[in-house]
Amino acid sequence: MIAGHAGIGMTSLRTRDRLVRRLQDEGIKSAVVLESIREVPRHLFVEEALASRAYEDTALPIGFGQTISQPYIVALMSEAVLAGGVPQKVLEVGTGSGYQAAVLARLVPHVYSVERNPNLLQRARRLFRELRIYNIQTNFSDGSWGWPSHGPYDAIVVTAAPLEVPKALLEQLGEGGRLVIPVGDRGGQELRLITRQGDKFEESHIAWVSFVPLVPGRG
Ligand code: SAH
């Protein structure tokens, strides 16, 4: 389908199945999430030199000091988003390679994704077009401010770690909305689920994780 990527197609089906089995072994239960991971061609979201490692359960570099998240973490975050029912509108902060957005786009009607790095954003946009994914809208901005004009959101997924939960993201959660966010410094972060009930925000622990930091401003 995409020039220059044809060769990997033959081997990738088996390796994708292996990845899905591994995620199941690690505790991912949602059949739709597993199916989405199986369907999204992760090898196109990493640099060509790393394509043969794309279906290992690890984070990989995508340039500019950033990484594509580990499939297990993508699955875990996607499960957390879906656990309250299928959200109509999901905001992602940190488009990066576009992989998490592409996985979500198979699970929910509308994905909005915000990225501060123009090069990564351009690459992700091109890939969404090539893969004919039309339900992801992207924006070049500092995602700590969310994307107010499309809010409120049923769920917000943050894929870079702030030291504290940005207020704007809490404000852009709709009633019953779910925010999945890693919080902490480079040493390690807590992945939290924050659920909005009126003016109250209930927090729970999902896992310990390691994300790149959420950096203020556009760069
Ligand atoms: N979801 C991505 C993970 C990318 S890594 C994927 O599936 O590949 C985190 C991304 O967050 C990086 O691309 C980084 O540039 C971006 N980022 C960091 N701080 C940001 C901010 N304040 N606003 C928007 N994006 C940010």
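Modeller: Start with the shell around the ligand. It has nine nonpolar, twelve polar and four charged residues. Ala, Val, Leu, Ile, Met, Phe, Trp, Tyr, Cys and Pro count as nonpolar, Asp, Glu, Lys and Arg as charged, and the others, Gly among them, as polar. This is a predicted model: local features need pLDDT of at least 70, side-chain atom pairs count only at 80 or more, and totals for chains, interfaces and linings use all residues. Residues are numbered from 1 along each chain, and side-chain values use heavy atoms, without hydrogens and water.

Biologist: Which residues come nearest to the ligand?

Modeller: A residue is near a molecule if one of its heavy atoms lies within 4 Å of it. Of the 25 residues around the ligand, Ser97, Glu115, Asp142, Gly143 and Val215 come nearest.

Biologist: What lies 2.7 Å from a nitrogen atom of the ligand?

Modeller: Look for polar contacts, pairs of N or O atoms within 3.5 Å. A backbone N or O atom of glycine 143 is at that distance. A polar backbone atom of valine 215 is also 2.7 Å from a ligand nitrogen. For glutamine 100, a backbone N or O atom lies 3.1 Å from a ligand oxygen.

Biologist: How much of the ligand's accessible area does the protein cover?

Modeller: Accessible areas come from the Shrake-Rupley method with a 1.4 Å probe. The ligand has 580 Å² on its own, and the protein covers 99% of that.

Biologist: Which strand gives the largest share of the shell?

Modeller: Strands are DSSP runs of E, at least two residues, numbered from the N terminus. β2 gives the largest share, three residues.

Definitions and conventions. A polar contact is a pair of N or O atoms within 3.5 Å; within protein, one must be able to donate a hydrogen and the other to accept it, and residues adjacent in sequence count only if both atoms are side-chain atoms. Helices (H or I, at least four residues) and strands (E, at least two) are DSSP runs, numbered from the N terminus.
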